[in-house]
Amino acid sequence: MKLNVHDSGPRDGATAGDKVALLIHGGMSDHRTWHAVEEYLVGLGYRVVAPDLRGHGHSPRGEYRPELLAGDLVENLPTGADVAIGHSLGGLSLALAASRLRPKRAVYCDPGFLLGNLPAGAMAGMRQMVASATAESVRAMNPRWSQEDVAAELAGFSLFDPEFLSAVERFEQQYLPESAVVPSLVQLADPSLCIDSRGVARLEERGFAVCRVPRAGHCIHRDDPQAFLKSLEGWI
(Lines give C-alpha, C1' and ligand atoms only; values in the text may rest on other atoms or scores of the structure.)
Protein backbone atom coordinates (compact mmCIF):
# COMPACT_ATOMS: atom_id res chain seq x y z
CA MET A 1 0.00 0.00 0.00
CA LYS A 2 1.35 3.40 -0.97
CA LEU A 3 0.84 5.77 1.96
CA ASN A 4 0.52 9.52 1.78
CA VAL A 5 3.85 10.67 3.25
CA HIS A 6 4.55 14.24 4.34
CA ASP A 7 8.22 15.20 3.92
CA SER A 8 9.76 18.46 5.11
CA GLY A 9 13.12 19.96 6.04
CA PRO A 10 16.52 19.69 4.33
CA ARG A 11 16.46 17.56 1.18
CA ASP A 12 18.87 19.45 -1.06
CA GLY A 13 22.50 20.43 -0.68
CA ALA A 14 25.38 19.07 1.32
CA THR A 15 23.39 18.60 4.55
CA ALA A 16 20.38 16.88 2.97
CA GLY A 17 19.57 13.66 4.77
CA ASP A 18 22.21 14.16 7.46
CA LYS A 19 19.51 13.78 10.13
CA VAL A 20 16.16 12.08 9.54
CA ALA A 21 13.20 11.85 11.93
CA LEU A 22 10.16 9.65 11.39
CA LEU A 23 6.92 10.82 13.05
CA ILE A 24 4.07 8.30 13.18
CA HIS A 25 0.68 9.53 14.36
CA GLY A 26 -1.92 7.72 16.43
CA GLY A 27 -5.43 6.59 15.66
CA MET A 28 -7.97 9.07 14.22
CA SER A 29 -5.26 11.67 13.46
CA ASP A 30 -2.94 12.18 10.52
CA HIS A 31 0.54 13.64 10.02
CA ARG A 32 -0.69 17.14 10.91
CA THR A 33 -0.86 16.19 14.59
CA TRP A 34 2.95 16.61 14.61
CA HIS A 35 3.05 20.19 13.29
CA ALA A 36 4.76 21.70 16.36
CA VAL A 37 7.21 18.81 16.78
CA GLU A 38 7.94 18.92 13.05
CA GLU A 39 8.72 22.63 13.20
CA TYR A 40 11.07 22.09 16.14
CA LEU A 41 12.91 19.20 14.48
CA VAL A 42 13.27 21.01 11.17
CA GLY A 43 14.77 23.88 13.16
CA LEU A 44 17.37 21.43 14.46
CA GLY A 45 18.24 20.45 10.91
CA TYR A 46 16.21 17.26 10.64
CA ARG A 47 14.44 16.08 7.55
CA VAL A 48 11.01 15.03 8.88
CA VAL A 49 9.11 12.17 7.27
CA ALA A 50 5.56 11.70 8.56
CA PRO A 51 3.10 9.23 6.98
CA ASP A 52 -0.65 9.02 7.17
CA LEU A 53 -1.42 5.46 8.32
CA ARG A 54 -3.81 3.43 6.20
CA GLY A 55 -7.38 4.53 6.91
CA HIS A 56 -6.15 7.97 7.96
CA GLY A 57 -5.53 11.26 6.20
CA HIS A 58 -5.00 10.89 2.48
CA SER A 59 -3.74 7.30 2.62
CA PRO A 60 -5.87 4.49 1.16
CA ARG A 61 -8.34 2.37 3.10
CA GLY A 62 -7.93 -1.37 3.46
CA GLU A 63 -7.76 -4.19 5.96
CA TYR A 64 -6.72 -3.01 9.40
CA ARG A 65 -4.34 -5.09 11.50
CA PRO A 66 -1.26 -3.93 13.41
CA GLU A 67 0.99 -6.15 11.34
CA LEU A 68 -0.27 -4.52 8.15
CA LEU A 69 0.22 -1.03 9.59
CA ALA A 70 3.80 -1.98 10.43
CA GLY A 71 4.38 -3.42 6.97
CA ASP A 72 3.17 -0.17 5.42
CA LEU A 73 5.78 1.74 7.42
CA VAL A 74 8.55 -0.55 6.22
CA GLU A 75 7.44 -0.21 2.60
CA ASN A 76 7.03 3.58 2.63
CA LEU A 77 9.61 5.02 5.04
CA PRO A 78 13.41 5.25 4.89
CA THR A 79 15.43 2.81 6.98
CA GLY A 80 18.14 3.87 9.41
CA ALA A 81 16.53 7.17 10.51
CA ASP A 82 18.21 8.99 13.37
CA VAL A 83 15.03 8.83 15.42
CA ALA A 84 11.53 7.44 14.99
CA ILE A 85 8.68 8.63 17.21
CA GLY A 86 5.32 6.85 17.28
CA HIS A 87 2.25 7.91 19.24
CA SER A 88 -0.43 5.54 20.54
CA LEU A 89 -1.32 3.05 17.77
CA GLY A 90 1.46 4.66 15.74
CA GLY A 91 3.79 3.59 18.53
CA LEU A 92 2.45 0.05 18.34
CA SER A 93 2.96 0.03 14.56
CA LEU A 94 6.49 1.39 14.97
CA ALA A 95 7.37 -1.29 17.53
CA LEU A 96 6.28 -4.02 15.11
CA ALA A 97 8.36 -2.43 12.34
CA ALA A 98 11.44 -1.43 14.37
CA SER A 99 13.55 -4.49 13.55
CA ARG A 100 13.12 -3.74 9.84
CA LEU A 101 13.20 0.08 9.88
CA ARG A 102 16.23 0.03 12.24
CA PRO A 103 16.15 3.65 13.42
CA LYS A 104 19.11 4.66 15.56
CA ARG A 105 16.67 5.52 18.36
CA ALA A 106 12.96 4.87 18.86
CA VAL A 107 10.50 6.78 21.04
CA TYR A 108 7.10 5.33 21.88
CA CYS A 109 4.73 8.07 23.05
CA ASP A 110 2.03 6.58 25.32
CA PRO A 111 1.95 3.56 23.01
CA GLY A 112 -0.91 1.11 22.51
CA PHE A 113 1.06 -1.90 23.73
CA LEU A 114 -1.58 -3.14 26.20
CA LEU A 115 -4.93 -2.59 24.54
CA GLY A 116 -6.62 -4.82 27.09
CA ASN A 117 -6.20 -2.00 29.61
CA LEU A 118 -8.35 0.43 27.62
CA PRO A 119 -11.42 1.56 29.61
CA ALA A 120 -14.71 -0.17 28.87
CA GLY A 121 -16.60 1.66 26.15
CA ALA A 122 -13.50 3.42 24.85
CA MET A 123 -14.18 2.58 21.20
CA ALA A 124 -17.81 3.73 21.40
CA GLY A 125 -16.68 6.97 22.96
CA MET A 126 -14.12 7.52 20.21
CA ARG A 127 -16.72 6.89 17.51
CA GLN A 128 -19.03 9.46 19.05
CA MET A 129 -16.19 11.94 19.45
CA VAL A 130 -15.28 11.72 15.76
CA ALA A 131 -18.88 11.81 14.52
CA SER A 132 -19.90 14.87 16.53
CA ALA A 133 -16.64 16.85 16.62
CA THR A 134 -16.71 20.63 16.38
CA ALA A 135 -14.05 23.17 17.19
CA GLU A 136 -15.90 23.83 20.45
CA SER A 137 -16.08 20.16 21.47
CA VAL A 138 -12.40 19.55 20.69
CA ARG A 139 -11.45 22.69 22.62
CA ALA A 140 -13.60 21.65 25.59
CA MET A 141 -11.95 18.23 25.76
CA ASN A 142 -8.46 19.64 25.25
CA PRO A 143 -8.25 23.10 26.81
CA ARG A 144 -4.44 23.18 26.65
CA TRP A 145 -4.24 22.68 22.88
CA SER A 146 -3.26 25.42 20.49
CA GLN A 147 -5.61 26.67 17.78
CA GLU A 148 -3.44 24.79 15.26
CA ASP A 149 -3.89 21.57 17.23
CA VAL A 150 -7.66 21.93 17.26
CA ALA A 151 -7.66 22.53 13.49
CA ALA A 152 -5.40 19.52 12.90
CA GLU A 153 -7.70 17.32 15.00
CA LEU A 154 -10.77 18.33 13.01
CA ALA A 155 -8.95 17.80 9.73
CA GLY A 156 -7.83 14.34 10.83
CA PHE A 157 -11.33 13.38 11.94
CA SER A 158 -12.80 14.49 8.61
CA LEU A 159 -10.59 12.06 6.67
CA PHE A 160 -10.58 9.15 9.13
CA ASP A 161 -12.22 5.83 8.23
CA PRO A 162 -14.46 4.94 11.22
CA GLU A 163 -14.18 1.25 10.29
CA PHE A 164 -10.68 1.44 11.70
CA LEU A 165 -12.14 1.56 15.21
CA SER A 166 -14.21 -1.55 14.54
CA ALA A 167 -11.00 -3.30 13.55
CA VAL A 168 -9.22 -2.15 16.72
CA GLU A 169 -11.86 -4.01 18.75
CA ARG A 170 -10.59 -7.22 17.12
CA PHE A 171 -6.90 -6.56 17.81
CA GLU A 172 -5.06 -8.68 20.36
CA GLN A 173 -5.17 -7.48 23.94
CA GLN A 174 -1.42 -7.07 24.34
CA TYR A 175 1.47 -6.24 22.02
CA LEU A 176 4.18 -5.54 24.58
CA PRO A 177 7.49 -5.87 22.68
CA GLU A 178 9.75 -8.72 23.72
CA SER A 179 12.83 -6.52 23.54
CA ALA A 180 14.05 -3.08 22.58
CA VAL A 181 15.68 -3.88 19.24
CA VAL A 182 17.21 -0.37 19.13
CA PRO A 183 17.77 2.12 21.98
CA SER A 184 14.18 2.88 22.94
CA LEU A 185 12.27 5.27 25.19
CA VAL A 186 8.67 4.75 26.27
CA GLN A 187 7.18 8.13 27.14
CA LEU A 188 4.03 7.89 29.26
CA ALA A 189 1.13 10.24 29.86
CA ASP A 190 -0.01 10.92 33.42
CA PRO A 191 -1.90 8.66 33.67
CA SER A 192 -1.12 6.49 30.66
CA LEU A 193 -4.04 5.34 28.53
CA CYS A 194 -3.08 1.67 28.64
CA ILE A 195 0.39 1.10 30.16
CA ASP A 196 -0.02 0.23 33.84
CA SER A 197 2.69 -0.20 36.50
CA ARG A 198 3.11 -3.87 35.67
CA GLY A 199 3.60 -2.96 32.03
CA VAL A 200 6.23 -0.39 33.00
CA ALA A 201 8.15 -3.03 34.98
CA ARG A 202 8.02 -5.47 32.07
CA LEU A 203 9.22 -2.83 29.62
CA GLU A 204 12.16 -1.92 31.85
CA GLU A 205 13.07 -5.59 32.21
CA ARG A 206 13.11 -5.84 28.41
CA GLY A 207 15.55 -2.98 27.94
CA PHE A 208 13.29 0.05 27.44
CA ALA A 209 13.89 3.36 29.17
CA VAL A 210 10.61 4.68 30.59
CA CYS A 211 9.68 8.22 31.60
CA ARG A 212 6.42 9.88 32.57
CA VAL A 213 5.39 13.42 31.63
CA PRO A 214 3.53 14.82 34.66
CA ARG A 215 0.00 16.14 34.15
CA ALA A 216 0.03 15.38 30.43
CA GLY A 217 -2.80 13.48 28.78
CA HIS A 218 -2.56 10.78 26.11
CA CYS A 219 -1.60 13.31 23.41
CA ILE A 220 1.49 14.50 25.28
CA HIS A 221 2.91 16.38 22.30
CA ARG A 222 -0.21 18.57 22.16
CA ASP A 223 -1.06 18.81 25.86
CA ASP A 224 2.39 20.04 26.84
CA PRO A 225 4.76 20.46 23.87
CA GLN A 226 7.58 21.87 25.98
CA ALA A 227 7.49 18.98 28.47
CA PHE A 228 7.21 16.54 25.57
CA LEU A 229 10.39 17.89 24.01
CA LYS A 230 12.22 18.19 27.32
CA SER A 231 11.60 14.50 28.02
CA LEU A 232 13.30 13.72 24.68
CA GLU A 233 16.63 15.33 25.59
CA GLY A 234 19.32 12.93 24.47
CA TRP A 235 16.94 11.17 22.09
CA ILE A 236 16.61 13.86 19.40
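Which helices each supply at least two residues of the lining of the largest pocket?

## The largest pocket

In this predicted model, the helices in question are α4 (122–131), α5 (135–141), α6 (147–159), α7 (163–168) and α9 (220–223). The largest share of that lining, four residues, is contributed by α4.

The volume of the largest pocket is about 710 Å³. Its lining comprises 37 residues, of which M28, M126, M129, H218 and C219 are the closest to the centre. Sorted by class, the lining holds 22 nonpolar residues, along with ten polar and five charged ones.

## Aromatic pairs

The model contains five aromatic pairs by the rule applied here. In one of them, the ring centres of Y108 and F208 lie 6.2 Å apart with their planes at 65 degrees, and the pair is classed as edge-to-face because that angle is over 60 degrees. Y108 belongs to strand β5 (residues 106–109), whereas F208 sits in the loop between α8 (197–205) and β7 (209–212), so that the pair links distant parts of the chain, 100 residues apart.

Both partners fall under the 20% cut-off for burial: Y108 is buried at 3% relative accessibility, and F208 is buried at 5%. Elsewhere, Y64, F160 and F164 form one aromatic cluster.

Notes: Residues are numbered from 1 along each chain as its sequence is written. This is a predicted model: local features need pLDDT of at least 70, side-chain atom pairs count only at pLDDT 80 or more; totals for chains, interfaces and linings use all residues. Side-chain values use heavy atoms; hydrogens and water are left out. On a 1 Å grid over the protein atoms alone, a cavity is a set of points where a 1.4 Å probe fits but cannot get out, and a pocket is an open set with protein on both sides within 12 Å along at least five of seven lines; lining residues have an atom within 4 Å of a point. Grid points are joined across faces, edges and corners, and a volume is the space filled by probe spheres set on the points. Ala, Val, Leu, Ile, Met, Phe, Trp, Tyr, Cys and Pro count as nonpolar, Asp, Glu, Lys and Arg as charged, and the others, Gly among them, as polar. Rings of Phe, Tyr and Trp (its six-membered ring) pair if their centres lie within 6.5 Å; planes under 30 degrees apart count as stacked, over 60 as edge-to-face and the rest as tilted. Buried means under 20% relative accessible area, exposed over 50%, partly exposed in between (1.4 Å probe, protein chains only).
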